[in-house]
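Biologist: I would be grateful for a close look at a single part of this model. Please take me through it step by step.

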Amino acid sequence: MLLYDLGKKRRKVRLSRNKKFAAFARKYPRVFKVIIDDENMAWIEFTEEFDDVLAEEERVRVAYEPIAVESLTKLLMMATSHRLQIEKLAHLKKDLGLSDDFRTQLLYKYPQFFKVVEGNHRDGAFLELVSWHPSLACTFREKMLHLNPDMRKSLGEGLPYSFKLTLPNGISSQKRNSATIVRFQEREFPSPYEDIGMMRQPSLETEKRHVALIHEFLSLTLQKRVIADTLSHFRKDFRLPQRLQSFLLRHQNIFYVSHKGDRYTIFLKEAYKGSTLLEKSPLVRMKDRFSQLCEMPKKFSVGVFGRQDDHGELMDDHEFSNAEQDE
């Protein structure tokens with residue numbers, strides 16, 4: 001693209017008027033290159049290295065599509081009405097690994113799983129479950145208990161109703177095995193995929209099912225985390241507690257809530273070691289490659305990266321910057 005034409009899109013790419021596109025491009029030499037043609041016109045284009053990564057990302061995204069479709073189907077199966085507003089799902093597209101054109105392409109490719117249903121003017125269109133898939137009505141937690149003998153051993157006698165708890169260092173063994181924790185771990189509860197009907201509220205079973213549903217919701221995301229506001233969009237669809245933030249803080253041994261500015265992010269604790277995601281999907285690894293290519297040479301870099309939050313765990317500036325870019 002001509003630099004002159006790109007200048008007309010300054011507002012769209014959010015570059016302030018006092019910054020030059022050419023200078024901006026030079027900060028990222030592995031992403032952009034500026035070329036002067038025979039007529040002395042300046043052009044900006046991607047480097048071959050970045051073009052190759054873009055092509056690889058497209059291949060990875062196509063290969064990941066069946067998993068994204070499965071995640072969408074599982075969300076519909078957990079929703080009380082088995083349907084969700086497409087506008088709400090759009091907030092989750094990056095978290096689920098959906099393509100930018102998922103509304104017009106992917107949602108119509110898999111009629112055996114779901115269909116688009118027109119709603120009223122206020123709510124817009126919905127994605128609706130077509131048929132129940134028993135093989136998908138198994139939570140990530142249940143799969144891990146089945147596949148991981150060490151996890152079963154560490155959870156103890158509360159199986160199959162226990163969650164993996166991540167308690168802060170320094171907590172005494174007496175507190176780790178307190179009656180409250182043991183009672184919570186051993187209590188039976190309905191699966192997030194079961195219809196709870198007129199289940200009594202509040203109760204420990206209800207509380208634990210809420211934990212299980214949020215646990216499953218986060219497990220379906222690429223990075224096992226989600227912006228709190230995004231989860232709040234689905235509160236009524238999944239019958240989650242009205243005071244969602246307070247609920248999450250009551251279960252800090254399972255979830256971690258990071259607060260940066262006016263944004264809260266919810267992490268699944270067991271999926272992380274410190275600020276590192278333990279198991280990265282191919283799309284997350286592609287995201288890491290993009291981040292590496294977008295690193296500025298030292299002469300351009302500013303600020304301090306890798307700073308931990310007030311609690312010293314889970315979310316560093318680099319990861320939070322990625323989350324903001326997703327939005």
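Which residue in S8 does Ser 258 stand opposite?

Modeller: The model is a predicted one, and the answer to your question is Thr 265, which faces Ser 258 from S8. The two strands concerned are S7 and S8, the latter covering residues 263–268; they run antiparallel and are joined by six bridges. They belong to an open sheet of three strands, arranged in the order S6-S8-S7 with antiparallel pairing. Strand S6 (225–227) and strand S7 (255–260) are the edge strands, each pairing on one side only. From one strand to the next, the twist averages 20°.

A helix accompanies this sheet. Helix H10, residues 204–219, lies across S6, S7 and S8, and its direction makes an angle of about 95° with S8. The loop between helix H9 (179–186) and H10 contains Ser 191. Ser 191 has a relative accessible area of 12%; the cut-off for a buried residue is under 20%, and Ser 191 therefore counts as buried. Leaving aside residues up to four places away in sequence, Ser 191 touches Thr 139 and Arg 209.

Several residues of H13 are buried, among them Leu 283, Val 284, Met 286 and Phe 290. Lys 287 and Ser 291 are also buried in this helix.

Note on methods: Residues are numbered from 1 along each chain as its sequence is written. This is a predicted model: local features need pLDDT of at least 70, side-chain atom pairs count only at pLDDT 80 or more; totals for chains, interfaces and linings use all residues. Side-chain values use heavy atoms; hydrogens and water are left out. Two strands pair if DSSP finds at least two bridges between them. Helices (H or I, at least four residues) and strands (E, at least two) are DSSP runs, numbered from the N terminus. Axes are lines fitted to C-alpha atoms, for helices over the stretch in contact, and angles run from 0 to 180 degrees between N-to-C directions. Contact means heavy atoms within 4.5 Å. Buried means under 20% relative accessible area, exposed over 50%, partly exposed in between (1.4 Å probe, protein chains only).
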